Amino acid sequence: MMEITGHTRLYGIVADPVAQVKTPQTMRKVFEKRGTDGVLVPMHVRSEHLAVFVQGLRGVMNFGGMIATVPHKTAMLDLCDDVTPAARLVGAVNIVRRNEDGTLSGDILDGQGFVGGLRQHGIEPRGLSVFLCGAGGAAKAIAFALADAGVARLDLYNRTQSKAQDIITRLQGVYPSVPMSAVGASPTGYDLVINATSLGMKSDDPMPFDVKGLSAQQTVAEIIMTPALTPLLAAAREMGCRIQYGLPMLECQIELMADFMGVAK
Ligand code: ATR
């Protein structure tokens, strides 16, 4: 580990609770790989103090930026001076850069992390027909990134269909040429099938959609990291599908977060 000196640049991860986060270790490896004199520290901040905490950081001149996670992703959007179109569309920010003049820029990298993770494993989403299950924050970010990557079709299935329809309405305004529909629970016929819900983390969770509709030509991707082999991925593998684990999305996202905060490559 590099020694912390007066030259070390500071970064943070702000969360409540924060004790469970693994990002300080993961980011340390990124800093070491890039030869950066930096440290990322956990910052345990309650929601009622977030605004004053962020306001104070604007004046910390050796502060490079922070990762925002539960429960601060939504509130952080309004505390930034500028945010990307993806963050605005999703309504959340998970990475903040402190610019030299003390202004703060925000982005959400879940979607780009997911697409980057696919590409690292040789799956190019451009031109694919996609079935995306879920309509929470993660699903929204992934939908945006897939539309941006040029998928041929993007259909959304969610338990609460109105939420899927809402995402589609917003996305169609930005990507009018990508066909999108809110559909039922059957993933039959799509090239790429994605679970972007929390279903599969608990052992008694139901399947997120109708797995009987899968066939061997399809790729099935997860965003859940623990367990690595969710019941959905196990069933998909059993049916001969190609599977994509949840971890690459995170691994890719850490690198993108370092890039966004200006950590030299
Ligand atoms: P995140 O921001 O992490 O994506 P979220 O906003 O709470 O989390 O979204 C959770 C997603 O999992 C939603 O798509 C949710 O479906 P609803 O919009 O219908 O709530 C889905 N989900 C969670 N529990 C579910 C369950 N028991 N059955 C079906 N879908 C479920």
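Q: How do you know how far apart domain 1 and domain 2 lie?
A: The centres of domain 1 and domain 2, taken over C-alpha atoms, are separated by 27 Å. The bounds, 9-108 for domain 1 and 111-246 for domain 2, come from an automatic or database domain assignment. The model is predicted: local features need pLDDT of at least 70, side-chain atom pairs count only at pLDDT 80 or more, and totals for chains, interfaces and linings use all residues. Residues are numbered from 1 along each chain as its sequence is written, and side-chain values use heavy atoms, with hydrogens and water left out.

Q: What makes residues of domain 1 and domain 2 part of the contact?
A: Contact means heavy atoms within 4.5 Å; 7 residues from domain 1 and 8 residues from domain 2 take part.

Q: What area do domain 1 and domain 2 bury between them?
A: Buried area is the accessible area (1.4 Å probe) that two parts lose on being put together, summed over both. For domain 1 and domain 2 this is about 610 Å², 67% of it on carbon and sulfur atoms. Leu89, Val90 and Ile108 supply 78% of the area that domain 1 buries against domain 2.

Q: How many salt bridges are counted between domain 1 and domain 2?
A: A salt bridge requires a side-chain nitrogen of Lys or Arg within 4 Å of a carboxyl oxygen of Asp or Glu. The count between domain 1 and domain 2 is 0.
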